[in-house]
Amino acid sequence: MDLAEMQALDRQYLMPTYARYPIALERGEGTRVWDVNGKEYLDFLGGIAVNVLGHAHPAVVAAIREQAGRLLHTSNLYYTRPMLELAQLLVDNGGLGRAFFCNSGAEANEGAFKLARKYHWRRGDRARTRILSVTHAFHGRTFGALAATPKPEIQEGFGPLPPGFEAVEWGRADALAERLDGTVAAVIIEPVQGESGIHPADPAYLRAVADLTREHGALLIFDEIQCGMGRTGTFYAYQGYGVRPDILTLAKGLGGGLPIGAILATPEVASGFAPGDHGSTFGANPVACAAAVATVRTILRENLPARAAELGDYLLGRLRELAARWPDRVREVRGRGLMAALELGEHARRVLDGCHARGLLANVTAGTALRLLPPLTVTREEIDRAVEILSDAIAGV
Ligand SMILES: *Cc1c(COP(=O)(O)O)cnc(C)c1O
């Protein structure tokens, strides 16, 4: 099946929710993928921060094969080993205290909002229902997550959205302080905003947010769905900031490519949930959990967070060279670890097309930012090659 046939089938049978790039992928290995014509690409998007170990990592593939042949699914009415191994790994490496497994990022955030409200409710603090997010945030597409994502272009036409969600200005602790009172259940923040075009929080801002939420009795939720899993230089992004949330959500890279999400919370906050309060048929699926166990073990054993910090610095340095060379085209370079973006203004899409033509996968987010989320296993040589392609693509616009 070639690209044109796939495009025709897509139009005929799938809902028109995506403006896909004209590339049909067939297989991958490490940082490389091949399309249906055999053309090779360096994958610096990694399935949007999902393929943290690259494509077809042997440890992840083996774990999936082994678990799939043993037990695919049981429901949460029974105990299974992979979910317990995964919870232990996540918690013992800084994961706050208790875990709940679901299937996606939006679902993890929905569960986090439910947990925050129920926690206060159980304590008799029943006026605490408001959830504050920040401008330019992205928390997912389901109703609660969408209500916490203050972007008119993705909220429009889906109202009424659930009440109790408000956005305050990102980066300004004073703006948050003004809205905090005894009716706020939680504040949700991405330590490094992803979809907005890669904006790392200022450490002083995150510390102020943590102090303010504690002072006012609200819970702090970190959405590490994109920035977690070692990508920013520590296994959890919060560890690099030295600011501990009460609840943390993960998804994307957690399963090394399989769909899985997680809510982590301190034991105290997790006690807001009692049996029957929350659930998911597919949550804690043994195959997804086995893939996640293999992914997390590999990240920790191979010290990949430290590697992400080191290679991330290298990547940012190389990107700054491009900005110095074309100050009119590259307006800003942003990043933390292996999460990086070039601010390209109106040139973004044409630069991306140039990258695609030359064999580099990335994407444009927020309209003007070319985003790079390579696997944590990326090599210096692959970064050099990607920068060379980027450089040619920028020169070509
Ligand atoms: C991708 C993303 C989500 C949503 O995750 P889905 O799995 O697509 O539902 C939520 N928050 C952040 C920060 C994300 O990057």
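A: What follows covers the ring pairs, then the charges over rings, the cysteines and the cavity.

This is a predicted model. Four aromatic pairs are present in the structure.

Start with Phe-113 and Phe-165. Phe-113 belongs to helix 5, residues 105-122. Phe-165 belongs to strand 6, residues 165-168.

Next come Trp-170 and Tyr-205. This pair is also edge-to-face, at 5.6 Å centre to centre with 80 degrees between the planes. Trp-170 sits in the loop between strand 6 and helix 8 (173-179), while Tyr-205 sits in helix 9 (residues 203-215), so the contact ties together parts that are 35 residues apart in sequence. Trp-170 is buried. Tyr-205 is buried as well.

Then there is a cluster. Phe-235, Tyr-236 and Tyr-238 are joined by ring pairs.

Some rings also carry a charge over the face. The charged end of Arg-126 sits over the ring of Trp-121, 3.8 Å from the ring centre. Tyr-241 has Arg-336 over its face, at 4.0 Å from the ring centre.

Now the cysteines. How many disulfides does the structure have? The count is zero. Cys-102 is in no disulfide, and its nearest cysteine sulfur belongs to Cys-289, 10 Å away. Burial is scored by a cut-off of under 20% relative accessible area. Cys-102 has 1% relative accessibility, so it counts as buried. Cys-289 has 0%, so it too counts as buried.

A search of the whole structure gives one cavity of 30 Å³ or more. The largest cavity holds about 50 Å³. Its lining has 13 residues, and those closest to the centre are Thr-74, Ser-75, Gly-283, Ala-284 and Pro-286. What is the make-up of the lining, by nonpolar, polar and charged residues? Five residues are nonpolar, eight are polar and none is charged.

Key:
Residues are numbered from 1 along each chain as its sequence is written. This is a predicted model: local features need pLDDT of at least 70, side-chain atom pairs count only at pLDDT 80 or more; totals for chains, interfaces and linings use all residues. Side-chain values use heavy atoms; hydrogens and water are left out. On a 1 Å grid over the protein atoms alone, a cavity is a set of points where a 1.4 Å probe fits but cannot get out, and a pocket is an open set with protein on both sides within 12 Å along at least five of seven lines; lining residues have an atom within 4 Å of a point. Grid points are joined across faces, edges and corners, and a volume is the space filled by probe spheres set on the points. Ala, Val, Leu, Ile, Met, Phe, Trp, Tyr, Cys and Pro count as nonpolar, Asp, Glu, Lys and Arg as charged, and the others, Gly among them, as polar. Rings of Phe, Tyr and Trp (its six-membered ring) pair if their centres lie within 6.5 Å; planes under 30 degrees apart count as stacked, over 60 as edge-to-face and the rest as tilted. Helices (H or I, at least four residues) and strands (E, at least two) are DSSP runs, numbered from the N terminus. Buried means under 20% relative accessible area, exposed over 50%, partly exposed in between (1.4 Å probe, protein chains only). A charge sits over a ring if NZ of Lys or CZ of Arg is within 6 Å of the ring centre and within 35 degrees of the ring normal. A disulfide is a pair of cysteine sulfur atoms within 2.5 Å.
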